[in-house]
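Work through each task before turning to its solution.

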Amino acid sequence: YCFVMASIRGMKEKAAALGYNPYAPTPESLKLVKKEMKKERSICKTVVLACAYGAGVNKIVETLENDNIFLDYREVEAIHSGYWNLFAKVKDFGRALYFEWKRNRGYILNGMGRPMAVDENYSKDLLNRFVQSTGHDILVMYANLLAEELDRQGIRWKPLIMDFHDATTVEVPEEQGEATAQCFYTALNRLNERLNGTIKLKGVAVIGRDLAECKEPEEE
C-alpha cells in the first residue's frame with residue numbers, strides 16, 4: 001500500500017519529502033510514512049483491494065465514504081487512474097484472462113494449470129480469482145512438502161491448521177520446536193525448486209504456544 005501511495009501523483013511528493021523511495025525503501029522511511037501518511041495509506045489500501053475486484057471509481061468513492069473518508073470524485077478518479085497506470089501490465093493480463101474465459105465458455109486455468117469455472121456474474125473477478133486460487137494451490141503443495149520433511153526428520157507432529165489463508169501451523173513437542181522451524185525452511189526451499197519461479201517465495205517460521213504467538217510479524 002505504501003508502494004502504491006508513493007507512486008501516485010498528489011501523494012508521492014509527500015512520501016518523497018519524508019525520504020521514502022518505493023523502489024528502495026529503508027525500514028526507517030517505511031516506518032515514517034506509515035506514521036505520517038496514515039490517511040493516504042488507508043485510501044490506497046481501499047483502492048488496491050477494490051481494483052483487485054474490478055471496482056470502478058463510483059464504487060471506490062462509496063467504499064471510502066463508508067470508512068468516513070470523503071474525497072472529491074475527481075480525486076478518486078485520479079488515484080484510480082494512477083493505480084492502473086502503475087499496474088498497466090496487470091490490467092492487460094486481466095483482459096487476457098477475460099478473453100480466455102470467453103473462449104472456454106466459462107472457465108480459465110489458474111497459475112498451476114487447474115481449471116476454474118466462473119459464473120458470468122463474477123467475470124470481473126477473474127484476475128483476483130486467478131491469483132487467489134494459484135496462491136492457495138501453492139500453499140497446499142507447501143503443506144505436503146512440509147509434512148514429508150517433518151516425517152523424514154522423525155518429528156512427532158500434529159496438523160493444527162495446515163491450510164490457513166497464507167500460513168500453515170503444526171503442533172509439536174516443545175523440545176522439537178527449533179527442528180520443526182528448520183523443516184519449514186527446508187520445505188520452502190524444496191517448494192521454490194519445484195516452482196522454479198523468477199521470484200522466490202519466502203516466509204518466517206514462528207514458534208509459539210498459541211495462534212496469537214504464531215502470528216507472522218509484519219514485513220517491513
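**Exercise 1.** Which exposed residues does the face of H7 turned away from its buried side carry?

*Solution.* This is a predicted model, in which local features need pLDDT of at least 70, side-chain atom pairs count only at pLDDT 80 or more, and totals for chains, interfaces and linings use all residues. Residues are numbered from 1 along each chain as its sequence is written, and side-chain values use heavy atoms, with hydrogens and water left out.

Begin with the terms: buried means under 20% relative accessible area, exposed over 50%, and partly exposed in between (1.4 Å probe, protein chains only). Helices (H or I, at least four residues) and strands (E, at least two) are DSSP runs, numbered from the N terminus.

Next, find the buried side of H7, where Gly94, Leu97, Glu100 and Trp101 are buried. Seen down the helix axis, these buried residues fall within an arc of 115° (taken from the directions from the axis to the C-beta atoms), so they line one face of H7. The face turned away from that side carries the exposed residues Lys89 and Arg103.

**Exercise 2.** Against which elements do the buried residues of H7 pack?

*Solution.* Look for contact, meaning heavy atoms within 4.5 Å. The buried residues of H7 pack against strand S1 (107-109) and H8.
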